[in-house]
Amino acid sequence: MTKTSNPAELAAISKTVRRHILEMITAAKSGHPGGSLSATELVVTLFFDIMKHDPANPKWADRDRFILGKGHACPVLYSVMAECGYTPVDKLNTFRQLGSIYQGHPDVRFIPALEASTGSLGEGLSVALGMALAARFNGSPSRTFVVLGDGEIQEGQIWEAAMFGAFHKLDNVVAIVDWNKIQLDGFVKDIMPLDPLVDKWASFGWHVINIDGHDIEAVQKAFHEAETVKGKPTVILANTIKGKGVSFMENNPKWHGSAPSKDELALALKELA
Amino acid sequence: MALSKKYELKMGPATRESFGKALADVARKNPDVVVCDADLSKSTNTHFFAKEFPERFIQCGIAESNMVAVGSGLAAAGKIPFVSSFSAFVINKGFEQLRVTAAYPNVNLKVVGTHSGISIGEDGPSQMSIEDLSLACNLPGFTVLAPCDDVSMTAAIHMTAEHVGPVFVRAGRSKAAHVYEPGAEFRIGGSTELLPGTDVAIFANGLLVAEALRAAEILDAAGISARVIDLYSIKPIDRAAIERASIECRAIVVAEEHLKDTGIGSRVAQVTTETTPCVMEFVGVDNTYAESGTPEAVVEKYGLLAKDIVTAVHKVLARKK
């Protein structure tokens, strides 16, 4: 794979990834486009710019690790890992079919290069903290990144983990909240509001960075800032738009978990040409 | 008729204490062993480890769900984490995490639940784990062990550390009678025939092993030859020993400090029905929660003593053709 820090190149990769996301969910006739599209710049920037990893040596002990806490957004992770060379791009459209490595939620049994099987919300942050502890025990420079959904952080375990990460001063962990303000049943503010979210994380002892999660330069800057923070973990609150990049999907709860029709796919791909 | 072997059943340490000491011993040999505890280290006995290896002891606070998943992360990154709490808490509050972060990806996580069963006594039902073995067996890929005394628990902790894959070990609060001599051998998937016998086979684990041995003595006096088997490995289970008992004794009693509905009794019955069926009876907690009291009073009231095993043996022999 070729890594890049050039925001224009990362934006181009993001566009390709968005096309994969829509194509694979359409082919599967099910899946979660909204939250995959909202997290695209975050995951692309991590894998193509920020993280130290090697698709030719996925079990390299000192690699940086990535966990998708919001496992239902796996189309973005599968597309990015495929573009990195971990898995075949031409099989992305087998997503959710029997025997496919691209399972409905991330499954390490099918893709050993994944760091964790996720799908039940609220658990990925704890697993990431365990990996970060292991890195500390081993004297490894490895850092662990975990993308959480904003709906996901309604889970109580997240706040158990938040206390744990701060108490154990795990500054080698970065949590990124894909703060797209929408969950399955509607808008987060109507289901179980999170505000004041910046204050919540800060009061739990985390270094908080609040950014536009689609602004690649802001995303890069946030990850660089996180690396300089010592003695506490960092959370990046990435303000995003659910369904980002497809006009009729943006900010509409309907696209949390439904697949586009072939006609809708054609319209969407035109916008992402 | 005299029993082939007389067990003195002198009281020894609780299996939680044997666990704590064995854990420190395992950690001396293997630097990758780390321990997570949820504010109960003085009770689970992980304090032995914490005192000797403070830098490898991870205090998780009263947050078992997070603790289990942190353990899974440690395991996935190559450490050998032992996570421990009261069995009722780690298995029930941590079950979802045991399922998704440990069993499903099959990580090398070790879980030790102490204070299992109703013999914890005074603390009452909220702390009494009577469904843990069943839940642990519902985690595909998990090994599930329930040793009965100091020697077997010590061996179990060493086996657990050496085994690659997730393991659940059940430990108790109250003192446990010495059943084994030092040097006894154990294996994952094994069982131990403590007494030979031909009229009935009694399978037991944990504290019920000593009760089964006491029952065998009472039965012997009545001219009934009871085979006693310590089924310390719940999963995998010793199918050969069960089938042999079913063929040779043609009557089985299973005794456990666990809900009867879903305990090892049903696992043993599954093996007999798949191989050679025989009449069976079950001793355990019967579709209820227990209550506070001294451990002795609680196990007596809820029917987990030698006399209850004897009653079950008479029942099963009456049905035996």
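Trainee: Before we start, what counts as buried here?
Mentor: A residue is buried if 20 or more other C-beta atoms lie within 10 Å of its own. Keep in mind that this is a predicted model.

Trainee: What does strand 2 of chain A pair with?
Mentor: Strand 1 (residues 65-68) of chain A runs parallel to strand 2 of chain A, joined by four bridges. Within that pairing, L68(A) has V147(A) as its bridge partner. Strand 3 (residues 173-179) of chain A also pairs with strand 2 in the parallel sense, over six bridges. There, T144(A) stands opposite V173(A).

Trainee: And which helix goes between strands 2 and 3 in the β-α-β unit of chain A?
Mentor: That's helix 6 of chain A, and the unit it makes with strand 2 and strand 3 is right-handed.

Trainee: What's the strand order in the whole sheet?
Mentor: Five strands of chain A form an open sheet in the order 1-2-3-7-6, with parallel pairing. Strand 1 and strand 6 (207-212) of chain A are the edge strands, each pairing on one side only. From one strand to the next, the twist averages 20°.

Trainee: How many bridges join strand 3 of chain A to strand 7?
Mentor: Six, and strand 7 (residues 234-239) of chain A runs parallel to strand 3 of chain A. I176(A) is the bridge partner of I236(A) in that pair. Helix 9 (residues 216-228) of chain A packs on the sheet, touching strand 3, strand 6 and strand 7 of chain A. The direction of helix 9 makes about 170° with that of strand 6 of chain A.

Trainee: Switching topic: how many residues does each chain put into the contact?
Mentor: Chain A gives 21 residues and chain B gives 23 residues. On the chain A side, helix 5 (124-138) and helix 6 (156-167) are the elements that give two or more residues. Helix 5 of chain A gives the most, with ten residues.

Trainee: Over to chain B, then. Is strand 4 covered or open?
Mentor: Mostly covered: in strand 4 (residues 80-86) of chain B, seven of its seven residues are buried. Strand 4 of chain B pairs in the parallel sense with strand 2 (residues 33-37) of chain B over five bridges, and D37(B) stands opposite S84(B). Strand 5 (residues 110-114) of chain B runs parallel to strand 4 of chain B too, with five bridges, and S84(B) stands opposite V112(B) there.

Trainee: In which sense does strand 9 of chain B pair with strand 11?
Mentor: Antiparallel, over three bridges to strand 11 (residues 226-230) of chain B. L195(B) has V228(B) as its bridge partner.

Conventions. Residues numbered from 1 in each chain as written. Chains lettered and ligands numbered in written order. Predicted model: local features only at pLDDT ≥ 70, side-chain atom pairs only at ≥ 80, totals over all residues. Buried ≥ 20, exposed ≤ 12 C-beta atoms within 10 Å, placed from the backbone. Pairing = 2+ DSSP bridges. Contact = placed C-beta atoms within 7 Å. Right-handed = clockwise from strand over helix to strand, strands pointing away. Axes fitted to C-alpha atoms, helices over the stretch in contact; angles between N-to-C directions.
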